[in-house]
Structure formats: structure tokens, C-alpha cells
Amino acid sequence: MGNKEWIAMVLAGGQGTRLGALTKGLAKPAVPFGGQYRIIDFTLSNCHNSGIDTVGIMTQYEPLTLHAYVGIGSTWDLDRRDGGVHILPPYAREKGCEWYKGTADAVFQNIEFIDHFEPSYVVVLSGDHVYKMDYAAMLDYHKVCQADVTIGVIEVPWSEANRFGIMETAASGRITDFAEKPRQPKNNQASMGVYIFTWKVLKQYLLYDNANKQSSHDFGKDIIPDLLAARHRLYAYRFSGYWKDVGTVDSYWEANMDLLGDEPKIELTGDEWPVYSPSLSLPPHYQGGEAKVRCSLIAEGSIILGEVENSVIFPGVYIGSGARVKDTVVMSQVRIESGVVVSGAIVTQNTVLSKDALGGETSGLIEVAASRQSEAGEAQKQVSLAG
């Protein structure tokens, strides 16, 4: 079955501890997003739109929902005999079953899977970022540069630079230095977690890394520095579009808010670069006569009788008469009853917000520390009863 020019390997086993209740029982790529999607939809849609027809998804933490969601990959046109989508959890070998010990080890443990397709290039991706990107254009750049490794790079705010792999480059784009999550970053050119490797080079270094008992078996901490030290050709591919690492509650909320507005920061509609997700086959949402909806995404199967402003509403949500929801992400099957006001928050699925619920603990309600600021500069996060 070999002779594939390229295949993609998606890292999708992250626990996502900084997302708190959002990843309770879910791998981070399986977290619902944007009203009708899950985070992994962006990576898989990018693969389809870029012409990649063979994708391995490496899962580990709480994989059941993610496995069921991806299925045979038909949503992303990956239900193919020659390639297609493959779920790759850790499995038993001669020495027994071992968890993936790091990002590089996850790929190492699947060397036989990759070799089965005999690719010239391997694209290593994260399954938990929100962005639209043409990997085919990045592969063309990789070829022109005669690179061994090409890393997708984006400029991030200086305040967040220490969360990422940061690199320095020459005028040619060749990477001269790389530091994984430095305490004091020298610049704000961050790795997007998008790598294109020439497979024969990557395979050699995965084997070397596996034999190194001192290694943490991570691309950013081990593989990339080793390649640089050996003077391999590493190049930065600069990306200027929207990209968000939704690894924290704040960044997850912000990314959902970025979908809103007459000119959203990331566009979900349109046919040029669609984001695909499985259809839920629910009835249209209903908006009552007294309801007011402004600048919001409303998913199918929802009933809106109150006020919704600048919010993302997932399927099957009920918002009662007199309730007000603003700057909030409301996940599926939530019931917000009459008189409740929610602002600057995330409401997790199957939560009921009512007078009784707010009187006690409401574990499904997450207030967002980085919530949108009012014109007066005061935070708008609150949960209360109207009247």
C-alpha cells in the first residue's frame, strides 16, 4: 500500500488539565467548540482541504468519545481503503503495553504504521488547536528550502510567549535556535505545533531518541534541539492567519468569542476552506416572540425565549423567558430558566441554571477570568437572578 507522498500524524492524547471541568472524561481534542464542532474538527478539516488522505490519530487519555466521534472518518472524506483515518492508541508489544511517554514517543511507537505507507514526508500535528491552514503550501515551502524539518510559526503576544516553543531564524527563514517554553523568551515567534518532516530524517532521530534514556521523548524538548545540534536544515514557515491554542479556560472562551461579530476573527461559513463536523440531524432552533438575539451563534434544537447577546449556544439549549445570556458559551442540553442572568462564563453540558440551582453549588458554571471588559473597564462576568 506504500508510495504515499505524505501522511499526517495527529497528537490527540492530551489530558488538558488546565481546561478543568471541560476535559472531565474527555480528551482535549474532543471538547465541544463553536456551537456544533469539536476542537479536532479543525485539524482534520485542514488535512482534507490540503489533500492529505491518510491520517493517524494517536489517542491516550479518555479516548472513547473521540474514537466514537471520528468513527471511520467519513465526515472528512477519510473513509478510504487506500489510506483513510486510523485510530492509534498504545498497544501491547513484546515488552507489554506502554503509554506514550511524550509526543516523539507517540510517533516512534507508530513507526511500523508510517512505514506501511512509505511516505516521503510526515506531517505531525496537534489535535487541539483552532485554525485554518493549507498544509500543501507548507509542503511546497519545505521542498523549495530542501528542508529536513519545517515548523509552522506564528507571532504570539509577548505575555504568552513562555507557553510555546520559541525560535530564532536567519533572513533566509532557516532556524538558528529553538527554546521550548523559555522563562525569558528572546522573541515571540512561536511554534504552532505543525511540523513537516522528511521521513527518513525523522525516523533516524526517533530511533536515536528512543535509545536515549535521558530523553523526555518530546519534539520540542528533544528532537528539534538534536536536529539543530547536528546542523540539519530546519526552516520556519510563517503563518499570518488565525491560530489559537485552546489549552486554558480563558483561551477556550476567547476562541469561542472570536467566532462572533460581523467580521469574526475566524470564519466558519463559506466554501473556500470549510470546517466539517458530523451532522446531528436536530430540528431548527426556535426563537420566541419576546426573545432577543444579537451577535450570537445558535445551534439546532435550541429554544430561545429570553435574551442572548454575543454568545455561542450549543444544540438542545433552553433559555427561558426573562433570562439573559451575554458573552457566554452555553454547551449542549443546558437549561437556563426564567430570571437567570449569565455573563462572561462557560456553562458545561447538561447543567440547569435556576433559582434553586444558583442557591446552592452550580458545578457546571465556569466564570472566565479574562472575560470581556465593559467600556468602563469593569469585568462583565456575573451570574444572578433578574428582579
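Guide: Helices (H or I, at least four residues) and strands (E, at least two) are DSSP runs, numbered from the N terminus. This is a predicted model, in which local features need pLDDT of at least 70 and side-chain atom pairs count only at pLDDT 80 or more, while totals for chains, interfaces and linings use all residues. Residues are numbered from 1 along each chain as its sequence is written, and side-chain values use heavy atoms, with hydrogens and water left out.

Visitor: How many helices and strands does the secondary structure of the protein come to?
Guide: Counting the runs just defined gives the secondary structure of the whole protein. The total is nine helices and 28 strands.

Visitor: Why is the protein described as being as compact as a globular protein of its length?
Guide: The radius of gyration is taken over C-alpha atoms, and the globule rule is 2.2 Å times the number of residues to the power 0.38. For 387 residues that rule gives 21 Å, and the protein is as compact as a globular protein of that length because its own radius of gyration is close to this, at 22 Å.

Visitor: Is Asn-187 buried or exposed?
Guide: Asn-187 sits in the loop between strand 10 (175-180) and strand 11 (189-198). Buried means under 20% relative accessible area, exposed over 50%, and partly exposed in between (1.4 Å probe, protein chains only). Since the relative accessible area of Asn-187 is 15%, this residue is buried.

Visitor: Which backbone nitrogen does the side chain of Asn-187 reach?
Guide: A polar contact is a pair of N or O atoms within 3.5 Å; within protein, one must be able to donate a hydrogen and the other to accept it, and residues adjacent in sequence count only if both atoms are side-chain atoms. A polar atom of the Asn-187 side chain lies 3.0 Å from the backbone oxygen of Met-167. At 2.9 Å, the side chain of Asn-187 also reaches the backbone nitrogen of Gln-189.

Visitor: Which side chain is joined to that of Asp-327 by a polar contact?
Guide: Asp-327 lies in the loop between strand 21 (324-326) and strand 22 (329-330), and with 3% relative accessibility it counts as buried. The polar contact, of 3.0 Å, joins its side chain to that of Asn-310.

Visitor: Which residue caps the N-terminal end of helix 7?
Guide: Helix 7 covers residues 219-229, and its buried residues include Phe-219 and Gly-220. A side-chain oxygen of the capping residue lies 2.9 Å from the backbone nitrogen of Gly-220, and that residue is Asp-218.
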